[in-house]
Amino acid sequence: MSVSAKGKVFLVGAGPGDPELITVKGLRLLQQADCVVYDALADAALLSHTPPGCEVLYVGKRAGNHAMPQEQINELLVACASRHACTVRLKGGDPFVFGRGSEEVLALLKAGVPCEVVPGITSSIAGPASVGIPVTHRGLSSQFTVFTGHEMPGKAESGLDIPAIAATRGTKVILMGMSQLRSTLQALIAAGMSPDESAAAVQWATTPRQKWVKATAGTLADAVEGVLGSPAVVVLGEVVTLADALAPAVPVRPLAGKRIVVTRSREQASALSARLREYGADVMELPTIRIVPPSDRQDFAEAVVDSPHYDWLIFSSPNGVKKFFEAFFAVYEDIRELGGARIAAVGPGTAAELKKYGLMVDVMPRKAVAEELIAEFDRKGDEFGGVANVTMLWIHSEKGRDIVYKELMKRQAIVDECIAYNTVPEMDDPTGARSRLTSEGADIITFTSSSTVHNFMAMNIPLPEGCRVASIGPITSATLKEYGIEPAIECEKHNIENLVDSILKSETN
Ligand code: SAH
């Protein structure tokens, strides 16, 4: 982001709820934001895309408290623009559909602040779609009307023309309609809408908390009583009858309603989080570690420069691969400079990372554990003429276990170390995940390495009541047991896919 004399504010539509339903442009702006202002409808998971140091301001409702008044939000945005080059004002759905987005733009322009609107997917369309209800369908509905259910029908200051809405054809969608639902539906029926008109309400559409009911205009208010609350989209019209036929096109969510905590570093969390979200889990990212350069950068740089002279390169983690090649390509331009070294990886995740550079592995155990890597060398070593007197570069993290080094040295290999990165406790908590874990609890908390366990324990957050622990493998489980925690779920193959499968298995049994 080029820094201008005065910053710019982007009003970005966050989409209906699922954090994957933001636009590519919205995501890019979040990734380069210096400041983000958000409220209750924008999923907190989106904030994990913000760069470190980004100022994050919440202006929505907090338990029992009102949201910040609109005038104050407007002033806040102007103030943000005076401090930051790129402020993202994140708004649920589309910023210009009942979001007061246009008021914010007018206030910003009046104050001379440059701004830009980035549209989003509105809940008025995505909400019905998330349960298989299209707002239009040839032969059933050629128009749709979206209106607010927040204004008291019949009141003089109401901008709504209920009789006209009742009389118009096609699909009707009500936003902010839950608190006045009964009176709105009564008014529509009094104005001529058939009480038998098909109707549905979808709460927390596209999120793990999604719930919905199907009824008729005459029965919907009773059907939602005590079952559904705000925020919900209400949809009226014949299109509602398509929901059964279209249900197979709606995502299946075996982990729906389960809150699962991901403790990996921010840069590594996304693959695991995305898989869990695909199955409908309410993923809470609570990074416990951060990946930083090694303490001795000079040593690392020299090891990378010398790397083409080794017989073997041994990679102990996907991060090691990433950091090694970042440094490698800072020095060399061509992958062929690496020479003809053989390559070993500690497991499939590391091998997959190597494959991104077009490199295949010669030795890899099925389980990603250092002991298994050594066993694999013992089994396959002869194919390569053994390891004695062979030069090896072991690329790993500063805090890694030294089994690989010791065991290979024992076998007379000549091993040098290349410490490619270090892990330190994560201090930032931009999404407020820590306090939410304490106040709202979780169903499952995942640990993907011993360091995630140690660092989580150092945060002193008690494990919520009834929360089960999922471990990526035996070493991580052993670390958990040191703290007196028995993992309820342990995966066999020590990789993310298998961890997700193990969670699915335990939840669907
Ligand atoms: N700009 C937003 C609407 C803001 S008004 C948009 O384009 O979607 C707030 C209303 O939006 C809520 O009262 C509810 O009716 C609806 N809404 C927003 N997100 C929703 C969701 N995930 N599920 C159901 N309704 C939602």
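Q: In this predicted model, at what angle do the axes of helix α10 and helix α11 cross?
A: Helix α10 spans residues 297–306 and helix α11 spans residues 318–331. Their axes come within 9 Å of each other. Angles of 65 to 115 degrees count as roughly perpendicular, and α10 and α11 are therefore roughly perpendicular to each other. The crossing angle is roughly 70 degrees.

Q: How many nonpolar, polar and charged residues make up the contact of α10 with α11?
A: On the α10 side, the contact is made by F300, V304 and V305. On the α11 side, K323, F324, A327, F328 and V331 take part. The contact accordingly divides into 7 nonpolar, no polar and 1 charged.

Q: Which element gives the largest share of the largest nonpolar core?
A: The largest nonpolar core has 25 residues, and those with the most contacts inside it are L313, F315, F324, F325, L354, I395 and C418. The elements that give two or more residues to this core are α10, β14 (312–315), α11, β15 (342–345), α12 (348–355), β16 (391–397) and β17 (414–425). In soluble globular proteins, nonpolar side chains tend to be buried together. The largest share of this core, 5 residues, comes from α11.

Q: With which residues is C418 in contact, leaving aside its neighbours within four places in sequence?
A: C418 is one of the residues with the most contacts inside the largest nonpolar core. Among its contacts are F300 and V304, which belong to the α10 side of the helix contact, and F324, which belongs to the α11 side.

Q: How far apart do the C-alpha centres of domain 1 and domain 2 lie?
A: The domain assignment gives domain 1 (8–121), domain 2 (125–249), domain 3 (259–288 + 426–508) and domain 4 (298–422). The contact between domain 1 and domain 2 takes 8 residues from domain 1 and 11 residues from domain 2. Their C-alpha centres lie 28 Å apart.

Q: What is the phi of W204?
A: W204 is found in the loop between β8 (198–203) and β9 (211–216). Not counting residues up to four places away in sequence, W204 touches L41, R209, Q210, S230 and P231. Most residues other than glycine have a negative phi. W204 is not a glycine, yet its phi is positive, at about 45 degrees.

Q: Which two residues are joined by a cis peptide bond with omega of about -5 degrees?
A: Most peptide bonds are trans. P231 takes part in this cis bond, and its place is in the loop between α7 (220–224) and β10 (232–236). Both residues of the bond are also touched by W204. The cis bond joins S230 and P231.

Q: Is N389 buried or exposed?
A: N389 is placed in the loop between α13 (370–380) and β16. Its phi is positive, at about 65 degrees, although N389 is not a glycine. A relative accessible area over 50% counts as exposed. With a relative accessible area of 61%, N389 is exposed.

Q: How far from I133 in space is L246, C-alpha to C-alpha?
A: L246 is found in helix α8 (residues 243–246) and is partly exposed, with a relative accessible area of 34%. Leaving aside neighbours within four places in sequence, L246 is in contact with G132 and P134. L246 and I133 are 113 residues apart in sequence, and their distance in space is 7.5 Å.

Q: With which residues is M68 in contact, leaving aside its neighbours within four places in sequence?
A: M68 lies in the loop between β3 (55–58) and α2 (70–83). At 27% relative accessibility, M68 counts as partly exposed. The residues in contact with M68 are V59, I73 and L76.

Q: What percentage of the residues of the protein count as buried?
A: The secondary structure comes to 18 helices and 20 strands. The C-alpha atoms fill a box of roughly 90 × 60 × 45 Å, taken along the principal axes. Buried means under 20% relative accessible area. Of the 509 residues, the buried fraction is 49%.

How values were computed
Residues numbered from 1 in each chain as written. Predicted model: local features only at pLDDT ≥ 70, side-chain atom pairs only at ≥ 80, totals over all residues. Heavy atoms only, no water. Axes fitted to C-alpha atoms, helices over the stretch in contact; angles between N-to-C directions. Helix = DSSP H or I, 4+ residues; strand = E, 2+ residues; numbered from the N terminus. Parallel < 35°, antiparallel > 145°, perpendicular 65-115°, else oblique. Contact = heavy atoms within 4.5 Å. Nonpolar A, V, L, I, M, F, W, Y, C, P; charged D, E, K, R; others polar. Core = buried A, V, L, I, M, F, W, Y, C linked by side-chain atoms within 4.5 Å. Buried < 20%, exposed > 50% of the residue type's maximum accessible area, 1.4 Å probe, protein only. Domains from an automatic or database assignment.
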